[in-house]
Amino acid sequence: MSVLTTVQQLAIAPFQEFSFMRRALVAAFALALGSAPLGVLLTLRRMSLFGEALSHAVLPGVAVGFIFFGLSLPALSIGGFAAGVLVVAVAGWISRHTELKEDASLAAIYVVALALGVILISRHGTQLDLLHILFGNVLGVDSEGLVLIAGVASASVLGIAGLYRGLLLESFDPSYMAVGSRSGGAIYQQVFLMLVVMNLVASFQTLGTLMAVGLMMLPAVSARLWHDTLPAQLCNSVLQAALAGYAGLLISYYASVPSGPVIIVCAGVLYAASLLFAPRGWLPRLLRRPHLQA
């Protein structure tokens, strides 16, 4: 058997042999398609930490769904989405009626929400339930979960395509949007944030509430180091997220370690490589420096 054949077998065999590996791979690809472009837009709007806060803020809603319905995916998803929407609304209300900025109010709310969610789940579930919700289980994705993730990814792609021009204008020149639109870009902002919440809720089953934002932000940040144009960044982020999902599943299968954290670590490795070798990374910038003259 040649080396190439052996490598191909190692790279494909787990997905050929086990249906749960195929479902996990499809789920990872769908999350990459829906989440990574939103991460690019978050970085463009200087809201990178917004996704991190929202990923933790959905936990109380997930906890309420768990208390009443157990590990029912529809109940957990509805609860998480409702909590995310509520947190966004409360943070917006605080920023409009006080001197606090929206990011500051969101930071205060999400810490309390995370603690409250952990307390609720700990009192009404086992340690395993808490770990499952916090860290996810991508290998446990069933057909119902796959349909949910695929539906959210489809809605995200269609939403970004439909709002693309408005999101760009609102990101680069909000004053122009305020003059040219009666809503002042508020509709674009709210729909965009709803898409972010939807993707975080779809991700928590596979990556957990603590790491759901990882596949959204790491590829997005890396993509900005490779390209100047936004379409190229969107495509690059999806490719990096998909590669991290594939590599993470493969490594976790052979190393017998949890898949979700490995996927995020793989995305982190791609980010580190981008920091070193991307056109905007450290090494190309070092090589472009003029040599010091004696």
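Colleague: Let's start with residues 145-164: how much of that span is helix, and how far apart are its end C-alpha atoms?

Modeller: Residues 145-164 are 100% helix and 0% strand, with the end C-alpha atoms 28 Å apart. Keep in mind that this is a predicted model: local features need pLDDT of at least 70, side-chain atom pairs count only at pLDDT 80 or more, and totals for chains, interfaces and linings use all residues. Residues are numbered from 1 along each chain as its sequence is written, and side-chain values use heavy atoms, leaving out hydrogens and water.

Colleague: Which residues does UniProt list as "transmembrane region"?

Modeller: The unreviewed UniProt entry lists 20-42, 49-69, 75-94, 106-125, 145-164, 185-202 and 262-283 under that name. UniProt positions are in the numbering used here, feature names are shortened, and annotations may be inferred rather than shown by experiment.

Colleague: What about residues 262-283, how much helix is there?

Modeller: That span is 82% helix and 0% strand, and its end C-alpha atoms are 26 Å apart.

Colleague: Zooming out, how many helices and strands does the protein chain have?

Modeller: The count is 14 helices and 0 strands. Helices (H or I, at least four residues) and strands (E, at least two) are DSSP runs, numbered from the N terminus.

Colleague: And what percentage of the protein chain is buried?

Modeller: Buried residues make up 46% of the 294 residues. Buried means under 20% relative accessible area, exposed is over 50%, and partly exposed is in between (1.4 Å probe, protein chains only).

Colleague: Pick a helix for me. How many residues does α2 have, and how far does it reach?

Modeller: Helix α2 covers residues 19-44, so to speak 26 residues, and reaches 38 Å from its first C-alpha to its last, close to the 38 Å expected at 1.5 Å a residue. The expected span is 1.5 Å times one less than the number of residues.

Colleague: Where does α2 bend?

Modeller: At Ala32, by about 30°. The bend at a residue is the angle between axes fitted to the seven residues ending there and the seven starting there. As for cover, 19 of the 26 residues in α2 are buried. After α2 comes Arg46, whose phi is positive, near 55°.

Colleague: Which ring does Arg45 lie over?

Modeller: Arg45 lies over the face of Phe192, at 4.8 Å from the ring centre. For that, NZ of Lys or CZ of Arg has to be within 6 Å of the ring centre and within 35 degrees of the ring normal.

Colleague: Switching to aromatics: how many aromatic pairs turn up?

Modeller: A search of the whole structure finds 4. One of them is Phe18 with Phe20, a tilted pair at 5.3 Å centre to centre and 40° between the planes. Another pair is Tyr253 and Tyr254, with centres 5.0 Å apart and planes at 80°, so that one is edge-to-face. Rings of Phe, Tyr and Trp (its six-membered ring) pair if their centres lie within 6.5 Å; planes under 30 degrees apart count as stacked, over 60 as edge-to-face and the rest as tilted.

Colleague: Which residues form the aromatic cluster?

Modeller: Phe18, Phe20, Tyr253 and Tyr254 form one cluster. Phe18 is partly exposed at 25% relative accessible area, and Phe20 is partly exposed at 29%. Tyr253 is partly exposed too, at 28%, as is Tyr254 at 42%.

Colleague: How many salt bridges are there?

Modeller: The count is 1 salt bridge, meaning a side-chain nitrogen of Lys or Arg within 4 Å of a carboxyl oxygen of Asp or Glu. Asp228 pairs with Arg280, the closest N and O atoms being 2.1 Å apart. The two are 52 residues apart, with Asp228 in the loop between α11 and α12 and Arg280 in the loop between α13 and α14.

Colleague: Is Asp228 buried or exposed?

Modeller: Asp228 is exposed, at 63% relative accessibility, while Arg280 is partly exposed at 38%.

Colleague: Back to α11, then. Which residues there are buried?

Modeller: Among them are Gly214, Leu215, Met216, Met217 and Pro219. The 13 residues of α11 (residues 214-226) should span 18 Å at 1.5 Å a residue, and the end C-alpha atoms are 19 Å apart, which agrees.

Colleague: And where is Ala212?

Modeller: Ala212 is in the loop between α10 and α11, and is buried at 2% relative accessibility.
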